[in-house]
Amino acid sequence: MLSTPLRFFCAAAVLLLAGCAGADAKLPLRVLVFSRTTGYRHASIEPGIAAIKQLGARDGYAVDASEDPDVFTPDKLKAYGAIVFLSDTTKHDDRASEWFIGARRDALMGFVHHGGGIVGIHAASDSHYFWPWYGRLIGAYFDHHPKGTPTGTVRIVDADNPATRGLAREVARVDEWYHFKQWTPDKLHVLVEFEPWSIGETDVKPYPISWTHEFEGGRVFYTGMGHTNGSYSEPWFLAHIAGGIRWALRDDK
């Protein structure tokens, strides 16, 4: 049996090699949109799928949509360069509501370790509370949100990423405004901040609402926006997620 220090060394070496492989990966220009829900079901899922298919047709990548968790096998995931988790909610307090178990977990982890891209939209952070790796992948878990879908202000803090390039630096938009938990903002690259004072919240300190990070060999883009049906016909938001998908696919030049 390996000693504890040697086990840690081997694990670190595996992640380092995965990161190197991911950096040089040439990914298939095909995207899987996965939107299975066992918790709250967003009405915006169907408009979101339709919008992403239109973005793919415009930007040159194919799009498949599925809610079948059996798509998560190494062989099936080889066809994809990125996976979009579109409001794939599970229940906060029910381990049995989660579909990433056993070999499915291994398949998703292997996909990321081989350089695959991940895009999380809105309730992708409201999922798989019993699998901490998934939370680290997305970058945070959903905690709570103010009532309704008020008009709030977001501000771009990095205008150089494809997900923000060319967009208005500050915009007021209608959405459901998430607060997060179990996250480490210092490990994330923040693209867009939300200004809670804009919806009357007493906490006036802006906080991240969209970010990227390099994670165990793969690229991850997440936005907490995208609750409403109207988001998926809104030019600013569509440009935001289109750029995030391209970045995750390493097709961002």
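The model is a predicted one. Its largest pocket has a volume of about 260 Å³, and the second largest pocket has a volume of about 200 Å³. Helix 2 and helix 6 cross at roughly 60°, with right-handed geometry.

**Largest pocket**

- The lining of the largest pocket comprises 15 residues. Nearest to the centre of this pocket lie L77, K78, G110, F111 and H114.
- Two elements give two or more residues to this lining, namely helix 3 (74-77) and helix 4 (103-113).
- Of the elements involved, helix 4 gives the most to the lining of the largest pocket, contributing four residues.
- By class, eight residues of this lining are nonpolar, four are polar and three are charged.

- The buried residues of helix 4 are A107, L108, F111, V112 and H113.
- An α-helix has 3.6 residues a turn, so residues three or four places apart point the same way.

**Second largest pocket**

- The second largest pocket is lined by G135, R136, G139, A140, Q182, W183, T184, K187, L188, H213, E214 and F215.
- At least two residues of this lining come from each of helix 5 (132-138) and strand 10 (207-215).
- Strand 10 gives the most to the lining of the second largest pocket, supplying three residues.
- The class division of this lining is four nonpolar, five polar and three charged residues.

**Packing of helix 2 and helix 6**

- Two packed helices are described by the angle between their axes and the distance between the axes.
- For helix 2 (residues 45-59) and helix 6 (residues 235-248), the axes come within 11 Å and cross at roughly 60°.
- Angles of 65 to 115 degrees count as roughly perpendicular and angles under 35 degrees as roughly parallel; helix 2 and helix 6 are therefore oblique to each other.
- The crossing of helix 2 and helix 6 is right-handed.

**Individual residues**

- A79 is located in the loop between helix 3 and strand 3 (82-86). Because its relative accessibility is 35%, A79 counts as partly exposed.
- A79 and L29 stand 50 residues apart in sequence, and their C-alpha atoms are 8.7 Å apart in space.
- A65 belongs to strand 2 (residues 62-66). With a relative accessibility of 38%, A65 is likewise classed as partly exposed.
- A65 and K53 are 12 residues apart along the chain, with a separation of 8.8 Å between their C-alpha atoms. 
- F194 is found in strand 9 (residues 189-195). Buried means under 20% relative accessible area, and F194, at 0% relative accessibility, therefore counts as buried.
- F194 and H179 are separated by 15 residues in sequence and by 9.9 Å in space, C-alpha to C-alpha.

Technical notes. Residues numbered from 1 in each chain as written. Predicted model: local features only at pLDDT ≥ 70, side-chain atom pairs only at ≥ 80, totals over all residues. Heavy atoms only, no water. 1 Å grid on protein atoms, 1.4 Å probe; cavity = no way out; pocket = protein on both sides within 12 Å on 5 of 7 lines; lining within 4 Å. Points joined across faces, edges and corners; volume = space filled by probe spheres on them. Nonpolar A, V, L, I, M, F, W, Y, C, P; charged D, E, K, R; others polar. Buried < 20%, exposed > 50% of the residue type's maximum accessible area, 1.4 Å probe, protein only. Axes fitted to C-alpha atoms, helices over the stretch in contact; angles between N-to-C directions. Parallel < 35°, antiparallel > 145°, perpendicular 65-115°, else oblique. Left-handed = near helix turned anticlockwise from the far one by under 90°.
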